[in-house]
Amino acid sequence: MNKKYQVNLLHPLVVFLFFMSFLFLFVSSSVHADLTNYPTEQEVKQYQKDNYQRIKEEILNQGYSEEQFKAMMNMPYLQPEEDVSQFYKDSQNSSRVKRSTNLQEAVVNEAKKYLGRPYGLDEPRELTCDRLVLYAYKATNIDVPRLTTNQEKLGVEVSLNNLQKGDLIFWRDNGVTYHVAIYVGDNQYIHAPDYGQNVQINSINPYFKPSFARRILPTDNGKEPNNNGQKTGEQYIHQCH
């Protein structure tokens, strides 16, 4: 075969392969960006303003009160404190999540699968704070109810100064809580903050301090928490007002 003819045949093939490589890199970077780029405070506030009535209807239809809705809308903007890129593969393929035999690690690892997911009701593509808890605990075959006011009745109360991985932390007084998160260790928690934001990790701080915590999983000494919770008339260990 003529060498000149061979070169002419290879030229469109090289162009095609170059184009496909560029397209693959572009798509990959776009997907990664969706998981690691979080909205700014201005974008979040604008989203909530533009969708105020729809958000209100959704929250009230879920079973929350007007008071709880106002608390949600007044939640401060929280800047994500951890780059989720290290969890990118786990977020893309749940089978790659390393499951530990430790129930606490299993809950935390499952919750981290959803880092970067937007807040909303179209689950599991979107998740609210209470739905994130529900999905995370499925990793331990523990079914939890929806709504923070139902989840706060599970397990036993534990001090905010003695948290363990997998503990649930709540904001506002028991009975009227409007937000829940999962403690992941090192003074950090994972949660779905609010409409317009994504599932993220934040640190416990005085700016947005939780009110109390509940432990659903067995403690280090192997004792099972009493899942009748508040029905037993227990005394609350820690309450911030």
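**Figure 1. Lining of the largest pocket in the predicted model.** Fifteen residues, written here as 15, line the largest pocket. Tyr47, Pro118, Tyr119, Glu126 and Gly196 lie nearest its centre. Two elements, α2 (41-50) and α3 (52-62), each give two or more residues to this lining. The largest share comes from α2, with 3 residues.

**Figure 2. Volume and residue classes of the largest pocket.** The volume of the largest pocket is about 160 Å³.

**Figure 3. The largest cavity and its lining residues.** The model holds 1 cavity of 30 Å³ or more. About 30 Å³ of space lies inside the largest cavity. Val44, Lys45, Gln48, Met75, Pro76, Tyr77, Asp194 and Gln197 form the lining. By class, this lining has 4 nonpolar, 2 polar and 2 charged residues.

**Figure 4. Buried and exposed sides of α3.** Ile55, Glu58, Ile59 and Gln62 are the buried residues shown in α3. They sit on the same side of the helix because they cover an arc of only 95° around its axis. Gln53, Glu57 and Asn61 are exposed on the other side of α3.

**Figure 5. Cover over α3 and the residue that follows the helix.** The buried residues of α3 are covered by elements including α2, α4 (66-73) and α7 (129-137).

Terms used
Residues numbered from 1 in each chain as written. Predicted model: local features only at pLDDT ≥ 70, side-chain atom pairs only at ≥ 80, totals over all residues. Heavy atoms only, no water. 1 Å grid on protein atoms, 1.4 Å probe; cavity = no way out; pocket = protein on both sides within 12 Å on 5 of 7 lines; lining within 4 Å. Points joined across faces, edges and corners; volume = space filled by probe spheres on them. Helix = DSSP H or I, 4+ residues; strand = E, 2+ residues; numbered from the N terminus. Nonpolar A, V, L, I, M, F, W, Y, C, P; charged D, E, K, R; others polar. Buried < 20%, exposed > 50% of the residue type's maximum accessible area, 1.4 Å probe, protein only. Arc of directions from axis to C-beta. Contact = heavy atoms within 4.5 Å.
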